[in-house]
Amino acid sequence: MSGICGWHGSAMDAATARQTADGMIRGLGATRESSLRSAYDHTSGLAAGDPFDRVSLHEESGLKASVRGAARWDDPELDRIAQRESPAVAAARAFRREGIAFLAGVHGPFSLAVIDGGAGTALVAVDRAGIHTMCHARCGGQFVFGSTADSVVAHPTVGRELDPQGIFNYLFFHVVPSPGSIYRDVRKLLPGQYALFRNGEVETGFYWRLDYADRSREPFARRAERLRELLRSSVRRAAGEEPAGAFLSGGTDSSTVAGVLSEVRGKPAATFSIGFAADGYDEMEFARITARHFGLDAHEYYVTPDDVVAAIPLVAAAYDEPFGNASAVPAYYCARMARENGVQLMLAGDGGDEIFGGNARYAKQKVFEYYQRLPATLRRRLVEPLALGLPQGIPPLRKLRSYVNQARVPLPDRLESYNFLHRTPLGEIFAEDYLAQIRPDRPEALMREVYGRTASDSYLNRMLHLDLKFTLADNDLRKVNRMCELAGVAVRYPLLDEEMLEFAAQLPPAYKVKGFKLRHFFKEALKDFLPPETITKTKQGFGLPFGVWMRNHAPLQQLAGDSLESLKGRRIVKPEYIDGLVAQHRSDHASYYGVMIWVLMMLEQWLQAHKP
């Protein structure tokens, strides 16, 4: 991982400043091949690096600025400065002229930092979709920041103490969601958020919000044509003038990106697909259907259990926090395959489900929302006493009881009804001393905050907004970004282009999920572009058959078993709970229980790799 890092307010001599900058740069995972730049003095420092040379740093008149990514500017003058000199020069001029208000005029995937030594202020911010990351800490009146948590804790004033709540949040979500982190003193920015340090305090806020339309009368055909235009412009902008390839799972989003890339380039796009020799996991045939349909230059690779064993320690070390999404492994091998074929820029289809309504839970939750529309008195006095008091031996009555029990839980909490940490009393999962240090309700509180501030009254739009943060920014984008960088390729996301985000948000909810049909508008608009099989297929993705393979592959069993045994000694999760998971995995639920075994294994692997 590389990016931006720095500090403000730390009084130190030149030698110490240089040593601090070098340590933080190492925390980025940057090397001398990463286009490193740095500027520091006795009170502040700023450094940046990127293996693809998409980072700039500028210093003038007591102002230091750095921009990473593909930032674009509303102001024509600033855009010219960014193109002629550098984005960092544009950011410095804009900040001096407008303060934090300039962020409203910056677009595209980016992260940035500005330090004004004369005013004693520092600003960091990330893009609207959260494609880029930024962590920060305030320690003793000093402000420390970096694209990775590892970079921030490399500063001598920031402690490396693990946050028990961060570990709990990881086990709940399988990632550590912002604004918290795995370290007690480190925070992370949310999509579209900034942190401003002044007068010894840190102020955070959102410089942008996504406005949703709950209803609209614009004709379907006009919107469909606009979608086609946006797909072409967003793919063209993401690909730029560079040779570019595309991930291809065979799903709606990756097929669309690959097809449009071929269209705008006027030649077959190079695509890269991953398969698994395991029943129920392999989607390669759908990728082949798309490849034939568009005449793509298709490349394939089948991941093996031995590949998984080799990748696990690499993946754990690559992330600055524990990361439990097992599809990071196939993402890595897919990106590595692209690199081995000479491709240095990949386009990914992430985001389409979360802006156009493609996840199965959107339709499922509609069923429960119907219940919420019943008069409260009717629910409390008639339906609930009847449903919850009926004998449960008869399957239809058992289903009715289950439905009412779930429907009584409001969104967004209902989404986590089947979370592993809800299936067993916490006292049976966690060590007593550890459990006393955490707030078990914190994960749901994080979800409620995002769900509640959505600019919409529609439950569907609120779920989409929730997923932009938790499913994309906290999870999928981190997965793909880190694995691409580990493999040595850059990645961009055409479906998360800002114009596309705003266009999709203005579609009425019924266009996204019509009845129980997912992605209605998107599929209807592209039904004469995509293969029919792509339109009708169900979503699967890069799911890894870890639980299935672990049953019979001895090296995988050994690695997982050794990791779990080591984790038992950390007094976080009770040994009895771990043993129970392993025993249940050996029964007929290998895939289901394999998920939590993977999450626990990757926690231990991360702890071993980072040794905090």
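A: The protein has 27 helices and 21 strands. These are DSSP runs numbered from the N terminus: helices are H or I with at least four residues, strands are E with at least two. The radius of gyration, taken over C-alpha atoms, is 24 Å, close to the 25 Å that the globule rule gives for 612 residues, so the protein is as compact as a globular protein of that length. That rule is 2.2 Å times the number of residues to the power 0.38.

This is a predicted model: local features need pLDDT of at least 70, side-chain atom pairs count only at pLDDT 80 or more, and totals for chains, interfaces and linings use all residues. Residues are numbered from 1 along each chain as its sequence is written, and side-chain values use heavy atoms, with hydrogens and water left out.

Now the sheet. Its 6 strands run in the order S2-S3-S1-S11-S10-S12, and the pairing is antiparallel. Two strands pair if DSSP finds at least two bridges between them. Strand S2 (37–40) and strand S12 (187–188) stand at the edges; each has a single partner strand, so one side of each is left without a neighbour in the sheet.

Take strands S10 (residues 135–139) and S11 (residues 142–146). They pair in the antiparallel sense over 5 bridges. Ala 137 has Val 144 in S11 as its bridge partner.

Back to the whole protein. Of its 612 residues, 59% count as buried, meaning under 20% relative accessible area with a 1.4 Å probe, protein chains only. Contacts (heavy atoms within 4.5 Å) with a separation of 6 or more come 70% from residues 24 or more positions apart.

Methods. Buried < 20%, exposed > 50% of the residue type's maximum accessible area, 1.4 Å probe, protein only.
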